[in-house]
Amino acid sequence: MKLVTGNSNRALAEAIANYLDLPLTDCTVKRFADQEIHVQLHENVRGEDVYILQSTSAPADGNLMELLILTDALRRSSARRITAVIPYFGYARQDRRDIGRTPISAKLVANMIAGAGVHRVITVDLHTDQIQGFFDIPTDNLYSAPVMTRDIEKCYDTRNLMIVSPDVGGVARARAIAKRIGADLAIVDKRRPRAGVSEVMNIIGDVSGKSCLLIDDIVDSGGTLINAAQALLEAGAKEVSAYITHGVLSEGACERIGASNLKELVVTDSINETEAQRQTHNIRRIIIAPLIGEALARTAKEQSVSSLFY
């Protein structure tokens, strides 16, 4: 079993390697002067079971190309099996044609990954479960719910909690957390007039006097969370925090969240932390390296991965 990483999130790759008690394979992933990516493996991988640890977070195009070129290097070096471990799968929000003359980019990226020579994909909290069907190779979608549940039970009084989905599409994800801790569920009914902009219409459920936890898979600009938190407070919520798997947090998001009414935003380390995140007082990170590491160990031993969650 060999672990290879690109440059997207080396801290997470090292944490996974420490969990598995394995070294990262010595390789060079650098750029030429014209920004072309160059990869060179410095160890023999012939006949090995190799796992590439690489999120396709910002810069999405560069990190995706690193993943593809690493795959090609391993395939041409006669690796026996190549598994792409993609904690954050970029382009996942472009999973359907909701308006005319637009691509389904998630399917295109899935085709590119399989075409490069990847045999299996392991990812965390896909934006929608049906994206697994975009891949023509085995795909394991890991759920961060157990990690979040343990942190919630440690940090919050579950007797007065209300789990909240920030939209109708995320109800299943929020319900899974609510069921684990025995809390009630509320839903924020919103509409999205254009990409990246949301407007809260109604709150479905009684949140009066409750400590509310918003549960979602991605926080990008932070606008949806901030609007939802404000609507919940106006509906009588005692306080509002959020647990989000992937902290994309594009430019300006950390400042908006720091100035918002959110008590706390908890994100996993699926995406590399920025300096702006470190300086924002109400953003906290939890680790998912043990979850991913255990999934990799079970995959290598041909054991069940789904039993981690049920």
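Which helix gives the largest share of the lining of the second largest pocket? It is α5, with seven residues. Before you select it, two notes. This is a predicted model, where local features need pLDDT of at least 70 and side-chain atom pairs count only at pLDDT 80 or more, while totals for chains, interfaces and linings use all residues. Residues are numbered from 1 along each chain as its sequence is written, and side-chain values use heavy atoms, with hydrogens and water left out.

**Stop 1: the second largest pocket**

Select α4 (145-155), α5 (171-181) and β11 (211-219). Each supplies at least two residues of this pocket's lining. Helices (H or I, at least four residues) and strands (E, at least two) are DSSP runs, numbered from the N terminus. The volume is about 490 Å³. By class, the lining divides into eleven nonpolar, seven polar and six charged residues. Here Ala, Val, Leu, Ile, Met, Phe, Trp, Tyr, Cys and Pro count as nonpolar, Asp, Glu, Lys and Arg as charged, and the others, Gly among them, as polar.

**Stop 2: two cavities**

Rolling a probe the size of a water molecule over the atoms shows where empty space is left. The search uses a 1 Å grid over the protein atoms alone: a cavity is a set of points where a 1.4 Å probe fits but cannot get out, a pocket is an open set with protein on both sides within 12 Å along at least five of seven lines, and lining residues have an atom within 4 Å of a point. Grid points are joined across faces, edges and corners, and a volume is the space filled by probe spheres set on the points.

How many cavities of 30 Å³ or more does the whole structure hold? Two.

Select Ser8, Asn9, Leu12, Ala13, Ile16, Leu53, Gln54, Ser55 and Pro87. They line the largest cavity, which has a volume of about 50 Å³. Helix α1 (residues 10-20) gives the largest share of that lining, three residues. Five lining residues are nonpolar, four are polar and none is charged.

Next, select Tyr88, Phe89, Ala92, Val124, Asp125, Leu126, His127, Ile218 and His246. These line the second largest cavity, with a volume of about 40 Å³. This lining has six nonpolar, two polar and one charged residue.

**Stop 3**

Most residues other than glycine have a negative phi, and most peptide bonds are trans. Here are some exceptions to look up.

Zoom to Ala58 and Pro59. A cis peptide bond joins them, with omega about -5°. Pro59 sits in the loop between β4 (49-53) and α2 (60-76).

Go to Asp21. Its phi is positive, about 55°, although it is not a glycine. Asp21 lies in the loop between α1 and β2 (27-31). Is Asp21 buried or exposed? It is exposed, with a relative accessible area of 67%. The terms run as follows: buried is under 20% relative accessible area, exposed is over 50%, and partly exposed is in between (1.4 Å probe, protein chains only).

Then jump to Leu249. It too has a positive phi, about 45°, and is not a glycine. Leu249 belongs to the loop between β12 (239-247) and α7 (253-258). At 7% relative accessibility, Leu249 counts as buried.

**Stop 4: helix α6**

Select residues 223-234. The twelve residues of α6 should span 16 Å at 1.5 Å a residue, and the end C-alpha atoms are 17 Å apart, which agrees. The expected span is 1.5 Å times one less than the number of residues. Colour Thr224, Leu225, Ala228, Ala229, Ala231 and Leu232: they are buried. Look down the axis of α6: the buried residues fall within an arc of 165°, so they line one face of the helix. That arc is taken from the directions from the helix axis to the C-beta atoms. Just after α6, Gly236 has a positive phi of about 105°.

**Stop 5: helix α9**

Finish at residues 289-300. How many of the twelve residues of α9 are buried? Nine, so the helix is mostly covered. Among the buried ones are Leu291, Ile292 and Arg298. Just after α9, Glu302 takes a positive phi of about 60°.
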